[in-house]
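Hi everyone, thanks for coming. Have the viewer open while I talk, and we'll walk through this one together.

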Amino acid sequence: MPLACGTPFALPRAIIEMSAMLRSGLHHCHFDGAVVLFDLTADRYFLLTDQSAERFDRVLAGRGTSADKDHLRSLGLLAGDADGNPELATLPPMAARSLLDEPSAKASMAATISCIWEQRRARRDLQKYSLSDIVNGLGRRSDRLAPSGADDCREIAATFVRAKRYMSSDDQCLVRGIAMTRMLGRSGVAASLVFGVTMPFAAHSWVQVGDTVLTDSLDMVLHYRPIFAV
């Protein structure tokens, strides 16, 4: 089966070795002959097409030549000798349901105010800190939490729906995702902040617990292919 996105489960050995060769913080997703890459460290996306995409695919499949590897290295995609082996990101299961498509729980005004404050905090943090630092902080907190069910998240998901009445939600998916992941973490719920891409190029992020989406409708999320999650 051809690789679709990122670093899924049960990868062939050659693909695992290629992922370990990639520069730390770099994640990828395939689209019909093109490769979208997400550089977490630089907080940017970019596209490989034509020969660059073909070279990337050959190296990914373990059939790359020295010229292929030199080309990718010249683009800054491969790790140097001093970079060590980066951790392999694990994507959550494919989304199968969304709490936003189901009857909503009640959200208190106190919880909604806390939700609004948390989103404002996330917006300030994105201006002050790098995305990589914020993501690493979410990952460290998530590692200490036990797996939870999506039904444990209904109240917090409802507060974010109610908060949209009092603040703009346009182009705020990352702010919302960081804020919700932090709130869930304080409640003892391990959630994934997922980054996804689609073509023509657009990027989106959402929060997921298991196969359940908490921040968007299922139809919205299924337009995107996950490229990275924390």
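**Helix 4 and the cores**

Let's start with helix 4, where the buried residues are Ala111, Thr112, Cys115, Ile116, Glu118, Gln119, Ala122 and Asp125. Buried here means under 20% relative accessible area with a 1.4 Å probe, protein chains only. Helices are DSSP runs of H or I, at least four residues, and strands are runs of E, at least two, numbered from the N terminus.

Before I go on: this is a predicted model, where local features need pLDDT of at least 70, side-chain atom pairs count only at pLDDT 80 or more, and totals for chains, interfaces and linings use all residues. Residues are numbered from 1 along each chain as its sequence is written, and side-chain values use heavy atoms, with hydrogens and water left out.

Back to helix 4: it covers residues 109-128, and its first and last C-alpha are 29 Å apart, close to the expected 28 Å. That expectation is 1.5 Å times one less than the number of residues.

Zooming out, the chain has 8 helices and 8 strands, and 47% of its 230 residues are buried.

So where's the nonpolar core, meaning buried Ala, Val, Leu, Ile, Met, Phe, Trp, Tyr and Cys joined through side-chain atoms within 4.5 Å? The largest one has 37 residues, and Leu184, Phe195 and Leu214 are among those with the most contacts inside it. Helix 7, residues 173-186, gives the most to this core, with 7 residues. A second, separate core has 13 residues, including Val35 and Leu72.

Take Leu214: leaving out residues up to four places away in sequence, its contacts (heavy atoms within 4.5 Å) include Leu99, Cys153, Met180 and Val207.

How values were computed. Buried means under 20% relative accessible area, exposed over 50%, partly exposed in between (1.4 Å probe, protein chains only).
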